[in-house]
Amino acid sequence: MIVLSSPATVYRRAAKDALGFPSVMLLASMTGFGSLAKESGLTLGMALSSTAGIWGLPGQVALAEMHAAGVSALFVILAVSLSNARFLPMAVSFIPLMRDGIKRFGWMFALVQLLSINSWAAGLRSFPEIEVHLRARYYVLFALICMSAGLLGTAVGYYSIGVMNRAASLGLIFLNPLFFAVLLAGSHARPAIIAMLIGIPLGPILHVLSPDWGLLATGLLGGTLAFLIHLRAQK
Amino acid sequence: MLESQTELWIVVAGSIAATYLWRFLGTLFSYRIDPQGHLFQWITCVSFAMLAGLISRMVFIPVGPLIEVDLWIRVTGIMVGLIVFFLAHRQVLVGVGAGLAVFIALVSVV
């Protein structure tokens, strides 16, 4: 089933895959984040650093939102980290597929920073057609194009919000919960769906009780409850 | 101002480091952790509950400029986005585009 066995064809395929839907999607979603970052009082440097450094929309939005809500630093950092916990299973399932293309495994610790839901999904889809030792090249080019689109979107959003009319500016901020809601609605896994159904009412209620602890408590209580319900239903 | 900027940079850097931790652990254990195991299922549930809670809070109790938009407009925008997303065979951009268009239209008119 392997059809791509030269570096040139692999690079061409990576560019073709990345320049379509993934780039447009990142451009759009990170535009929303850029606007939110501006409104939340982050500098452009902080917004771009968050995009490249966190590289996961949920954590980035949590950072900007919770800072604007006046949540203390430690709780912001904890919530950002927990909202991106999915990178652990993503790395676990992804890295073995392209490990053979890397001479020194230490490089993986740098390359894993580029991993996102887009590159993960594209890799899982395309790797079967790519010779094992060339897969890392596909991943790196694909992920770099995605990140460039994300950084561009962040900057566009950061500057757009100041020059657009009121409705469009509000729309840019609204993109954040909207994107999220749609992305999460696409989840198929049952435990995730139960967790979200519990999290929706719990989030606002616990936020009112304690802005610092609210989100973490929502995750811990709602998540644990969902996990237990799921375990019970499995039996 | 400078003081608060330094503090904010610390939050940004801390968030970056705390996110990288998951990537690091995932790489380190990439052939030892079972992503289907109970521990990981629990962590996944926690992060989904938290994300849903965050979105719901952003819609029902916004902190930024969305405060000035009526609650029913915020809720309508999300609902339209979700409904169109499912009608359009789960195409994310179509759903988001529809929700955004309705939101901007309502904000302009109301």
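**View 1. Buried area between domain 1 and domain 2 of chain A.** Domain 1 of chain A and domain 2 of chain A bury about 770 Å² between them, 68% of it on carbon and sulfur atoms, where buried area is the accessible area (1.4 Å probe) that two parts lose on being put together, summed over both. Of the area that domain 1 of chain A buries against domain 2 of chain A, 53% is supplied by A:Val71, A:Phe75 and A:Leu184, more than any other three residues. The model is predicted, so that local features need pLDDT of at least 70 and side-chain atom pairs count only at pLDDT 80 or more, while totals for chains, interfaces and linings use all residues. Residues are numbered from 1 along each chain as its sequence is written, chains are lettered from A in the order in which they are written, and side-chain values use heavy atoms, with hydrogens and water left out.

**View 2. The two domains of chain A.** The assignment, which is automatic or from a database, gives domain 1 (7–185) and domain 2 (187–235). Their C-alpha centres lie 24 Å apart, and the contact (heavy atoms within 4.5 Å) takes 10 residues from domain 1 of chain A and 7 residues from domain 2 of chain A.

**View 3. Polar contacts between the domains of chain A.** Between domain 1 and domain 2 of chain A there are 3 residue pairs in polar contact, both residues at pLDDT 80 or more; a polar contact is a pair of N or O atoms within 3.5 Å, one able to donate a hydrogen and the other to accept it, and residues adjacent in sequence count only if both atoms are side-chain atoms.

**View 4. The side of domain 1 of chain A that touches domain 2 of chain A.** Helix 5 (73–83) of chain A gives the most to this side, with 4 residues. The residues of this side divide into 9 nonpolar, 1 polar and no charged.

Technical notes. Helices (H or I, at least four residues) and strands (E, at least two) are DSSP runs, numbered from the N terminus. Ala, Val, Leu, Ile, Met, Phe, Trp, Tyr, Cys and Pro count as nonpolar, Asp, Glu, Lys and Arg as charged, and the others, Gly among them, as polar.
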